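Have a look at the structure first, then read on.

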Amino acid sequence: MLSKIRSLISIIRLGGLGVAALAMWGFATIAEEVLEKETYAFDKSILLYLRSLHDPVRDRIMLALTFFGEPNLLLMLSVSLGIMLWVRQHRSEAITIAITGAGAVGLNMLLKQIFARDRPQLWERAVEVKFYSFPSGHAMISMVVYGLLGYLLGSRFPKQRWLIYSLTVVLIAAIGLSRLYLGVHWPTDIIAGYIAGFVWLLACIFSLEVWKQFHDYRPVPEEKFLSPENPQE
């Protein structure tokens with residue numbers, strides 16, 4: 001047991017914490033550029049290019065994709081899955097997925113309040129949006145909820161693991177693209193949302209794995225240490 005814990009902690013220290021630190025540095029760098037308004041030309045050029053691609057068919061596709069990234073929908077999904085897993089006695093996964101969704105929503109709202117960035121208004125939008133723009137809630141929360149769901153499904157079905165991971169990445173990327181296509185977020189909002197969501201996702205996955213290692217450990221019953229040849233006195 002101790003060797004497993006040490007091995008897991010080593011992986012977290014060497015791999016996970018390094019990736020998380022790099023991601024946090026990336027978020028801080030983007031946030032600084034956003035606050036100094038250094039990203040406007042970059043953001044605007046991408047949005048205007050996507051605007052040139054608009055047509056009725058693509059509009060419907062993007063509206064459907066953006067629906068799957070709605071924070072309220074993802075929060076309901078994470079809570080519902082948490083309840084279902086709890087009923088089926090998968091307590092660690094149930095708690096993790098519920099906290100993951102709720103934590104992502106709360107953290108996103110906090111970050112939006114801190115940066116208070118206005119949304120782009122380069123053309124008349126087809127969807128109603130409220131609150132601030134940075135970081136994107138759709139990008140951040142879809143990264144967290146779908147990312148954790150993909151991780152759990154990949155663990156459950158190892159033979160299809162890479163297919164599940166690939167589909168998860170495609171879905172998350174498509175949701176972010178839909179927000180840009182619809183003109184409700186700047187590109188840097190989406191990038192920052194993915195980064196912040198990825199850090200929170202890593203933290204939740206690591207917490208789950210550590211919890212499972214401790215939870216799965218069961219001390220050997222005392223009787224098994226006693227052999228018939230050496231009865232307890």
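A crossing is called left-handed if the near helix is turned anticlockwise from the far one by less than a right angle, and right-handed if clockwise. This is a predicted model, where local features need pLDDT of at least 70, side-chain atom pairs count only at pLDDT 80 or more, and totals for chains, interfaces and linings use all residues. Residues are numbered from 1 along each chain as its sequence is written, and side-chain values use heavy atoms, with hydrogens and water left out.

**Helix 3 and helix 7**
- The crossing of helix 3 with helix 7 is left-handed.
- Helix 3 (residues 56-67) packs on helix 7 at about 125 degrees, the axes being 8 Å apart (axes are lines fitted to C-alpha atoms, for helices over the stretch in contact, and angles run from 0 to 180 degrees between N-to-C directions).
- That angle is why helix 3 counts as oblique to helix 7 (under 35 degrees is roughly parallel, over 145 roughly antiparallel, 65 to 115 roughly perpendicular, and the rest oblique).
- On the helix 3 side, R58, D59, M62, L65 and T66 meet A174, I175, L177, S178, R179 and Y181 of helix 7 (contact means heavy atoms within 4.5 Å).

**Helix 7 itself**
- Helix 7 covers residues 161-181 and reaches 30 Å from its first C-alpha to its last.
- After helix 7 comes G183, with a positive phi near 75 degrees.

**Helix 5 and helix 6**
- Helix 5 (residues 91-115) and helix 6 (residues 137-156) pack at about 165 degrees, with axes 9 Å apart.
- That makes helix 5 roughly antiparallel to helix 6.
- Their crossing is right-handed.

How values were computed
Helix = DSSP H or I, 4+ residues; strand = E, 2+ residues; numbered from the N terminus. Expected span 1.5 Å × (residues − 1).
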